[in-house]
Structure formats: C-alpha cells, structure tokens
Amino acid sequence: MLIIGSHVSFESDQLLGSAKEAVSYGANTFMFYTGAPQNTMRKEIDLNLLTEAKKYMEENGIDIQNVICHAPYIINLANRTDDSKWQFSINFLKQELSRCDALGIHYLVLHPGSAVGMPRDTALQNIADALNLVLEKSVQCKILLETMAGKGTECGCTLEEIKFIIQNVQHDIGVCLDTCHLNDSGVSIVNFKEYLDLFDKEIGLEKIGCIHINDSKNELGSHKDRHANIGYGTIGFDALLNVIYEEKLKDVPKILETPYVGHTWEDKERLFPPYFFEIKMIREKKWNEKLLEDILDIYDKS
Ligand code: FE
Ligand code: FE
Ligand code: ZN
C-alpha cells in the first residue's frame with residue numbers, strides 16, 4: 001500500500017490537528033514540526049489531545065509508525081565556531097527527540113547542518129560528534145539525515161558525506177531522501193534506479209526511512225533548493241512517480257513538501273494547500289497539466 005502524506009501544521013490541537021489535516025488531504029501519513037521551524041519555542045505536549053489523536057489516527061488508517069517529525073532548521077550541528085551555539089543545538093535536538101518519544105513518533109528528520117566558516121571535513125566530524133552526544137540507548141526515536149541540495153555551505157549533499165556521518169555515529173541513524181534536493185545536488189531523478197543501486201552499495205537501502213517528494217524549480221546540480229509542485233518543475237511527473245512507486249521502497253513513507261498555490265505570491269492570505277490534489281493525481285498516476293488552475297478554481301468557489 002502506498003504510504004503518502006504531506007507536511008501539516010501542529011499548531012491547532014497538536015497531533016490531533018495534524019492528523020485531521022492529513023485526513024482532509026486523503027493522506028495516510030504526515031510530517032509536522034513540533035513548533036515553528038525557525039525557532040525553539042515549544043508548547044508542552046497535551047496528553048489528552050494525544051490520546052484523542054492516537055484514537056483518531058487508528059480510526060482513519062494512519063499508522064503512527066509512518067508519521068514523521070522534522071527538526072527545526074536552526075539546529076546546526078556542523079558549525080562549532082561558537083561552542084555554546086553548538087551545545088545549544090545539541091540540547092535542543094535532545095529535547096526534540098524526547099518530545100518525539102513522548103508523542104510515540106518513530107522518526108525525526110534532521111538537516112545535517114551548514115559548515116559556515118569551517119572546513120568541510122571538520123564540519124562533518126562535528127555533526128558525527130554532536131549526534132554521538134545526542135543519542136543514548138534510552139532514545140527510541142530514530143534520526144533520519146536529510147539529503148541536502150548543497151545550498152551555501154550545507155553538508156550532506158553527497159552520498160559520501162551522508163555515509164561518513166553514518167559511519168562515525170555509534171547509534172543507528174537513517175536517511176531521508178528529498179527528490180528536489182537530490183536533483184539540485186546533481187543526482188538525476190530520471191536515473192533514480194542507478195542512484196538507488198549506488199545508495200544500496202554504499203549505505204544500504206534499509207537505512208532509508210522517509211522520502212520527501214518535491215519537484216524542483218531549478219536545473220540539475222543548481223545547488224538552489226526551491227521546491228515546485230508535482231510535475232511543475234525540472235524533475236517532472238513521470239520521474240517522481242517512479243520514485244513513489246519504486247517496489248524496493250514501498251514501505252517507506254512519502255511526504256510532499258510542495259509549495260502552496262496562489263494567484264500571486266504576494267497575496268499570502270490566499271495561498272492554498274495543493275496536497276489533496278497532488279495526492280489524488282499520484283494515486284491515479286495521471287498527470288493533470290491544469291492542476292494549479294484547478295486548485296485555484298476550487299478554492300475560489302468555496
Ligand atoms: Fe527538510
Ligand atoms: Fe525536505
Ligand atoms: Zn528543501
């Protein structure tokens with residue numbers, strides 16, 4: 001069975017609100033941030049809402065094992081120029097993991113970090129060192145390192161870098177592939193099978209715990225990282241469909257992080273989530289070249 005969902009909000013009613021939003025998109029999984037991705041303000045977990053959320057998920061065909069949490073962007077384990085900032089990231093990541101454990105979430109996606117002024121190999125070692133400090137036997141939730149586009153000084157944008165981190169961490173960590181990031185880092189999604197074979201040889205397919213399904217606004221190898229709606233970018237519908245329906249990855253949750261759709265980008269009040277329509281298109285395996293117009297039409301009438 002296809003396991004598919006999108007990024008959803010955690011703001012209203014925590015996991016219960018997230019699950020309801022996911023169901024409204026026709027999804028059977030989802031990904032959320034425990035608070036705003038840019039800051040570390042976090043609300044306390046409401047246990048009553050959590051009980052309700054778990055019941056709601058069970059009734060609506062969402063297996064909590066497939067639900068993904070995303071760590072905030074401000075965590076940067078790569079740069080240790082300021083040791084107190086590095087320690088802060090470590091502590092915050094620890095807290096995120098215990099929040100995931102309290103919620104019963106099994107996977108936390110993490111951007112490996114940006115080297116900023118540090119040499120790349122030092123930065124990679126910093127990431128591994130940090131993860132060794134973060135992870136303890138008592139932690140249940142598994143960290144998935146996201147493959148990055150290589151924007152600025154981002155680490156984790158090649159197989160070698162991801163492999164280095166995994167090999168230098170004493171605990172079991174996994175990987176989250178992001179199709180937009182792979183494309184922007186120089187991996188052709190049209191030749192995804194080739195990449196998978198290489199990944200299997202170097203790291204092992206069993207390490208893949210999540211896949212972010214995004215089209216890309218930029219060319220192969222652009223190192224940009226701007227997501228496009230499914231079929232509206234340089235990767236294209238058919239190539240993305242091949243990733244989504246890859247037999248070897250059939251048990252891996254697929255998460256859409258495609259942009260909201262609006263008449264203009266300035267009108268932030270009238271941006272609509274595309275996920276219901278994109279998921280439908282993916283399930284039907286049929287490309288709708290008028291998708292974005294249709295979405296605006298439907299929301300304008302409602
Ligand atoms: Fe991410
Ligand atoms: Fe992503
Ligand atoms: Zn991205």
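This is a predicted model: local features need pLDDT of at least 70, side-chain atom pairs count only at pLDDT 80 or more; totals for chains, interfaces and linings use all residues.
Colleague: In this model, are His 70 and Glu 146 buried or exposed?
Modeller: Residues are numbered from 1 along each chain as its sequence is written, with chains lettered from A and ligands numbered from 1 in the order in which they are written. Buried means under 20% relative accessible area, exposed over 50%, and partly exposed in between, using a 1.4 Å probe and protein chains only. His 70 and Glu 146 are both buried.

Colleague: Which residues are the protein donors of the iron ion (ligand 1)?
Modeller: Donors are N, O and S atoms within 2.8 Å of the metal (3.2 Å for Na, K and Ca), and water is not among the atoms, so sites may look incomplete. Here the donor atoms lie 2.1 to 2.3 Å from the ion. Their residues are His 70 (NE2), His 111 (NE2) and Glu 146 (OE).

Colleague: How many residues apart are His 70 and Glu 146?
Modeller: In sequence the donor residues of the iron ion (ligand 1) are spaced H-x40-H-x34-E. Helices (H or I, at least four residues) and strands (E, at least two) are DSSP runs, numbered from the N terminus. His 70 is in strand S3 (residues 68-70) and Glu 146 in strand S5 (residues 142-146), so this pair links distant parts of the chain. The separation is 76 residues.

Colleague: Which residue bridges the iron ion (ligand 1) and the iron ion (ligand 2)?
Modeller: Those two ions lie 3.3 Å apart. The protein donors of the iron ion (ligand 2) are Glu 146 (OE), Asp 178 (OD), His 212 (ND1) and Glu 257 (OE), at 2.1 to 2.2 Å. The residue that coordinates both ions is Glu 146.

Colleague: What is the arrangement of the 4 donor atoms around the iron ion (ligand 2)?
Modeller: Four donors count as tetrahedral if all angles lie between 85 and 135 degrees; four count as square planar and six as octahedral if opposite donors are over 155 degrees apart and all others between 65 and 115; anything else is irregular. Around this ion the angles are 82 to 168°, which makes the arrangement irregular.

Colleague: How many residues apart in sequence are the parts that His 212 and Glu 257 tie together?
Modeller: The donors of the iron ion (ligand 2) follow the spacing E-x31-D-x33-H-x44-E. His 212 lies in strand S7 (residues 208-213), and Glu 257 in the loop between strand S10 (254-256) and strand S11 (261-262). Both residues are buried. The parts they tie together are apart in sequence by 45 residues.

Colleague: How far is the zinc ion (ligand 3) from the iron ion (ligand 1)?
Modeller: The zinc ion (ligand 3) is coordinated by His 181 (NE2), Asp 225 (OD) and His 227 (NE2), at 1.9 to 2.4 Å. Its donors follow the spacing H-x43-D-x1-H along the chain. From the zinc ion (ligand 3) to the iron ion (ligand 1) is 5.4 Å.

Colleague: What is the relative accessible area of Asp 225?
Modeller: His 181 is buried, with a relative accessible area of 2%. Asp 225 is buried because its relative accessible area is 17%.

Colleague: With which side chains does the side chain of Thr 34 make polar contacts of 2.7 Å?
Modeller: Thr 34 sits in the loop between strand S2 (29-32) and helix H2 (47-59), and is buried, with a relative accessible area of 5%. A polar contact is a pair of N or O atoms within 3.5 Å; within protein, one must be able to donate a hydrogen and the other to accept it, and residues adjacent in sequence count only if both atoms are side-chain atoms. The partners are Arg 42 and Glu 96.

Definitions and conventions: Side-chain values use heavy atoms; hydrogens and water are left out.
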